[in-house]
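I opened a new structure today and kept notes as I went. Each entry records what I looked up and what came back.

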Amino acid sequence: MVNRKGSLSLSIEAIVVVVIAFVVLGLGLSFVRNQFKDIGDTTGTIQEQIRQQILEDLRTGDKRLSFPGTEINLGKKESSVTAIGVKNVKQGTLKYKLIIQSAGGAPIFGTDITDNFLYATAIDELPPTESRLIPVRITSETSAGTGQFKIIIQDVTENEEGTLYDSKTFFITVTG
């Protein structure tokens, strides 16, 4: 005769183990989801602090162009949003245009970098002593390496060709 009490006891133990495993799995997934949510909130807060730092830098200093840092690190096929600050230190209204161009280093974005930098390319105006933040989305490709790029603010107040108002060089490193 088969001991049915032993097999029933084994089935109940198996069910209890499975239930405990699902509860622990649910708690673990909930914890990880909350951590990613907190990381997203922190990223947004840091980006806002960088924007405020750029504006404060332009307000307190006599800089015409402000950019947060000299190097941006990206992974392959990753994008990042940053901002460029422009301040009008001229007596009259500044008509300007923003240009980002390759300045040397590895050709990490190939020959045409316009697909990798998304920003307002139209001519804009800025009243005297005013500052403006221009958001820029940088998207990397599949090539790893370091490239050197240059931000140029062209003063087009007098003519369409414009004169150099200010410029800044920075690096983008694409890793692994």
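My entries on this structure follow.

**Ground rules**

I am working with a predicted model, where local features need pLDDT of at least 70, side-chain atom pairs count only at pLDDT 80 or more, and totals for chains, interfaces and linings use all residues. Residues are numbered from 1 along each chain as its sequence is written, and side-chain values use heavy atoms, with hydrogens and water left out.

**Entry 1: the overall layout**

I began with the secondary structure. I took helices (H or I, at least four residues) and strands (E, at least two) as DSSP runs, numbered from the N terminus. Along the sequence I read the pattern α-β-β-β-β-β-β-β-β-β.

Next I looked up burial. Of the 176 residues in the protein chain, 26% are buried. Here buried means under 20% relative accessible area, exposed means over 50%, and partly exposed is in between (1.4 Å probe, protein chains only).

I also checked contacts, meaning heavy atoms within 4.5 Å. Among contacts in the protein chain with a separation of 6 or more, 71% join residues 24 or more positions apart.

**Entry 2: surface**

The protein chain exposes about 11400 Å², and carbon and sulfur atoms supply 56% of that area. Accessible areas come from the Shrake-Rupley method with a 1.4 Å probe; for residues, only the protein chains shown count as cover.

I then looked for a nonpolar patch. Ile12, Val16, Ile20 and Val24 form one on the surface, with about 360 Å² of accessible area together. Patches are made of residues with over 30% relative accessible area and no salt bridge; like charges are joined within 9 Å, and nonpolar side chains (Val, Leu, Ile, Met, Phe, Trp, Tyr) within 5 Å. I placed Ile20 in helix α1, residues 4-60.

**Entry 3: aromatic rings**

How many aromatic pairs does a search of the whole structure find? It finds three. A pair of aromatic rings is described by the distance of the centres and the angle of the planes. Rings of Phe, Tyr and Trp (its six-membered ring) pair if their centres lie within 6.5 Å; planes under 30 degrees apart count as stacked, over 60 as edge-to-face and the rest as tilted.

I took Phe67 and Phe170 to start. Their ring centres are 4.8 Å apart and their planes are at 40°, so this pair is tilted. Phe67 sits in the loop between β1 (65-66) and β2 (71-75), and Phe170 in strand β9 (residues 163-175), so the pair ties together parts 103 residues apart in sequence. Phe67 is buried at 6% relative accessible area. Phe170 is buried too, at 1%.

Phe117 and Phe149 came next. With centres 5.3 Å apart and planes at 65°, the pair is edge-to-face. Phe117 is in strand β5 (residues 117-118) and Phe149 in strand β8 (residues 145-155), so this pair ties together parts 32 residues apart in sequence. Both Phe117 and Phe149 are buried. I noted that ring pairs link Phe67, Phe117, Phe149 and Phe170 into a cluster.

I also found Arg64 over the face of Tyr165, 4.7 Å from the ring centre. A charge sits over a ring if NZ of Lys or CZ of Arg is within 6 Å of the ring centre and within 35 degrees of the ring normal.

**Entry 4: salt bridges**

Side chains of opposite charge can pair when their charged atoms come close. My search of the whole structure gave two salt bridges. The test is a side-chain nitrogen of Lys or Arg within 4 Å of a carboxyl oxygen of Asp or Glu.

Asp155 pairs with Lys90, the closest N and O atoms being 2.9 Å apart. Asp155 lies in strand β8 and Lys90 in the loop between β3 (79-87) and β4 (94-105), so the pair ties together parts 65 residues apart in sequence. Is Asp155 buried or exposed? It is buried, at 10% relative accessible area. Lys90 is partly exposed, at 26%.

Asp124 pairs with Arg132, and here the closest N and O atoms are 3.0 Å apart. Asp124 is partly exposed, at 33%.

**Entry 5: around Arg132**

I stayed with Arg132, which lies in strand β7 (residues 131-139). Arg132 is partly exposed, at 27%. Leaving aside neighbours within four places in sequence, Arg132 is in contact with residues including Tyr96, Glu125 and Leu126. Arg132 and Val86 are 46 residues apart in sequence, yet 5.4 Å apart in space, C-alpha to C-alpha.

**Entry 6: positive phi**

Lys77 has a positive phi of about 55° although it is not a glycine. Lys77 is in the loop between β2 and β3, and is exposed at 65%. Thr129 has a positive phi near 65° and is likewise not a glycine. Thr129 lies in the loop between β6 (124-126) and β7, and is exposed at 60%.
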